[in-house]
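I opened this structure today and kept short notes as I went. Come along and look things up with me.

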2 protein chains.
Amino acid sequence: MDGLAQLIAQLGQQARAAARVLATTPAARIDAALAAMAKELLVAQTDILKANAADVGAAKAAGQTLALLDRLTLTPERLAKCAEGLRQVAALPHPVGAVLREWTQPNGLKFAKVRVPLGVIGFIYESRPNVTVDAAGLCLKSGNAVILRGGSEALRSNTAITAALSRGLSAAGLPAHAVQLVPVTDRDTVRLLGEAVGVIDLLIPRGGRGLIETVVQTARIPVIKHYDGICTVYVDRAADLVMAEKLIVNAKVSRPGVCNAAETLLVHRDIAAKFLPVVGAALIKAGVQLRLDDAARAALGDLVTRHSSLVTAAQPADFRTEFLDLILAVKIVDDVAAAIEHIETHGSHHTDTIVTADAATAEQFLAGVDSAVVLWNASTRFNDGHEFGFGAEIGISTDKLHARGPMGLEELTSYKYVVRGSGQTRG
Amino acid sequence: MDGLAQLIAQLGQQARAAARVLATTPAARIDAALAAMAKELLVAQTDILKANAADVGAAKAAGQTLALLDRLTLTPERLAKCAEGLRQVAALPHPVGAVLREWTQPNGLKFAKVRVPLGVIGFIYESRPNVTVDAAGLCLKSGNAVILRGGSEALRSNTAITAALSRGLSAAGLPAHAVQLVPVTDRDTVRLLGEAVGVIDLLIPRGGRGLIETVVQTARIPVIKHYDGICTVYVDRAADLVMAEKLIVNAKVSRPGVCNAAETLLVHRDIAAKFLPVVGAALIKAGVQLRLDDAARAALGDLVTRHSSLVTAAQPADFRTEFLDLILAVKIVDDVAAAIEHIETHGSHHTDTIVTADAATAEQFLAGVDSAVVLWNASTRFNDGHEFGFGAEIGISTDKLHARGPMGLEELTSYKYVVRGSGQTRG
């Protein structure tokens, strides 16, 4: 075993030992530890900001984008918000220990399905150091030990943050190894974490497509991932067109770089000539590039020529692309069945909305579209743990196993069956 | 793409198309299809038994064990039982469509978490052709299409069975491809099924350790597996010793070849001298080989010399072995904490029992042992879908993600969030 493999094995062993302690740690002590972690984060503010300044300086010198520099930069305010986030997580209900189901069999055996921590979570992410705090807090609250593998740009910041969090854990009498950072960012560490069979119970990669594909290609342990969000808004013949315009503008424009932003607009043929010029004007006004199929171009009228820089013909790939930008692919469909067919063929099973006043059509769409979140008369942007009322979110799963859609605290748990008897044997 | 890869891709495509139909098929029609499948199984009895006779003949000629021949052999009675099993599954409650949780957010959005099928399940198993029928029935009842990859010994039987099941599906107006058999049994098909990203939603391997390790090493899609069942009975100081004897004999002897049979007996030091000679005599009488640590040998008294062929010194590996045979490893421990420590270190997180009259000790054990099923004063043999009252079981998961312990119909489903609004946008 080489040095890197030894390092990951050691982190894994320490995490498992911590997880065993956490599994039977009372809820109040976990909350006390979260508060202590918040406190230590503020105590260490000078160290953390100094480490962060070094990260930011190196990133600038390396010519990183402004967007990355912004995500990377910590300020006293941002750090205070991280600490406040830990206190908010402490105030949430505890997922562990909940009895999910109880029943008694005719032979007198009493069964209980009880929520338990997963054990050890591996969390792989990219440049934002505040994610280090969020992930540590959510994993601890759900009774799990976590091994964090952040991006290389944030290594100094994450090291200082994790040291503070571990001091908080120790101060509260919990194992400092409940939160550990992989102290190097070699690409191989991603593979090694994914090979930690029997050590890491769940690997959550959060980041760009390249990272996630690497994890999926190499992992031997369970992974919950977040692939593309190719989200669609379908405007039905029976839609309230004022509502439809408001929803698609919100879904596309309010935050185009996130996964729950809309990438495709499908419009029912019967209302296209009426709706598209209006919504097209609103989108163009918001700076959105429109990529239209032939029928949509025809329906858009003179906007096509008046805004030729923003309005172009759609290529087939446009309907399979997560633009993460002010770009929208637009297509005319014959009916709700064609909309469902398009979404099932081209979408990414993330988030899809129908706008219609017709309940039967809506229910057909909600049943027929196999996505994590399907909405009726609401923006795709609502696929979000906070908007769901989960109080916290570690990611949005595009998988169908274990957790689908927004992942809060409950999604970081497993269960076990506790069976209480009086000497029953099996015949 | 070579021929085998093309074949698997085609099966996958057909399964996905079938799954899309099943996702919105009414429950009554699924039950009608299960009944039609049962009927076609009996209509095809002559063909199926003929195919089975050819499989059995080939297995005999190949010198297969009697145990395998027995598992492989179909009779009119066994086939009738398979058909009856389909009818019983039809009579179970439908998992799909259940609303798991409903709530409304302050902005008026109404959220529902709704159970949906997983989609396409890949099921890899070994020689018993009745599993073909069981797996097809459970997957269909839960709204899933299934691709079955059985063992080579049963290929003729499985081909005839699957043809009958498909005729039943067609007769009921459902896609015949909802149940498909991989028509070849090259080892490569296991790998190809595991690489069907975006096509197969869940792969369930059921069989020997070699098969499961191959799947785990090669799969790129989610797998729920069943590794070793190294199950333990811990007899506490405060145990009712008559009950303890009855439970360990049941756990070890009633069916030693199955995963929920006990492999290890831990005995509290304070009662060892009293308990071990009694339980030892009972186990020896039942033909059980005892492998004892030094303290247990001392406590066993003159049984050690009187039954030297059955009583030997335990090697360290004996406490990490799934014997699947009339062999039991026995060890003395100081207290319940030592028992928990032993189980967490040596066990397989499958099924573990404490025998005690002391409730606090029992709860310490039930909380501290991280196994799929933990029992108090009951035999390990109760880790079983039927004993749980699930009505059906496709396997017992030793994983912690998605499904843990007995897997019934609910464990073959996922969920989606359905959100109903009135024009809400996100701020």
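**Two loops in chain B**

I began with His402(B), which sits in the loop between strand S14 (395–397) and strand S15 (405–407) of chain B. Strands here are DSSP runs of E with at least two residues, helices are runs of H or I with at least four, and both are numbered from the N terminus. I noted that His402(B) is not a glycine, yet its phi is positive, about 70 degrees. Is His402(B) buried or exposed? It counts as buried, with 21 C-beta neighbours inside 10 Å. For this label I used C-beta atoms placed from the backbone: 20 or more others within 10 Å is buried, 12 or fewer is exposed, and in between is partly exposed.

Before going on, I reminded myself that this is a predicted model, in which local features need pLDDT of at least 70 and side-chain atom pairs count only at pLDDT 80 or more, while totals for chains, interfaces and linings use all residues. Residues are numbered from 1 along each chain as its sequence is written, and chains are lettered from A and ligands numbered from 1 in the order in which they are written.

Next I looked up Leu324(B), in the loop between strand S10 (311–313) and strand S11 (327–333) of chain B. Leu324(B) is not a glycine either, and its phi is positive at about 55 degrees. I found 15 other C-beta atoms within 10 Å of Leu324(B), so this residue is partly exposed.

**How the two chains meet**

I then laid chain A on chain B: a turn of 180 degrees with a shift of 0.0 Å along the axis gives an RMSD of 0.1 Å. Which C-alpha of chain A is nearest the axis? It is that of His402(A), 1.9 Å from the axis.

I listed the contacts too, taking two residues as touching if their C-beta atoms, placed from the backbone, lie within 7 Å. On that basis 58 residues of chain A are in contact with 58 residues of chain B. The elements of chain A that give two or more residues to this side are helix H1 (3–23), helix H9 (209–218), H10, H15, S13 and strand S16 (413–424). S16(A) provides the largest share, eleven residues. By class, this side of chain A has 25 nonpolar, 19 polar and 14 charged residues. I sorted Ala, Val, Leu, Ile, Met, Phe, Trp, Tyr, Cys and Pro as nonpolar, Asp, Glu, Lys and Arg as charged, and the others, Gly among them, as polar. The copies meet through the same surface, because 100% of the interface residues of chain A are also interface residues in chain B.

**Helix H15 of chain A**

I checked which residues of helix H15 (359–368) of chain A are buried, and found Thr361(A), Ala362(A), Gln364(A), Phe365(A) and Leu366(A). Their cover includes strand S7 (231–235), helix H14 (336–346), strand S12 (351–355) and strand S13 (373–378) of chain A, together with strand S16 (413–424) of chain B.

**Met37 and its helix in chain B**

I moved to Met37(B), found in helix H2 (residues 27–43) of chain B. Met37(B) counts as buried, with 31 C-beta neighbours inside 10 Å. Leaving out residues up to four places away in sequence, Met37(B) touches Leu86(B), Leu165(B), Gly168(B) and Leu169(B). The C-alpha atoms of Met37(B) and Leu169(B) are 6.4 Å apart, although 132 residues separate them along the chain.

Then I followed H2(B) to helix H5 (residues 76–91) of chain B: their axes come within 8 Å and cross at roughly 175 degrees. Axes are lines fitted to C-alpha atoms, for helices over the stretch in contact, and angles run from 0 to 180 degrees between N-to-C directions. H2(B) is therefore roughly antiparallel to H5(B). My cut-offs were under 35 degrees for roughly parallel, over 145 for roughly antiparallel, 65 to 115 for roughly perpendicular, and oblique for the rest. By class, this contact has 13 nonpolar, no polar and two charged residues.

Key: Copies are superposed by least squares on the C-alpha atoms of residues with pLDDT of at least 70 in both.
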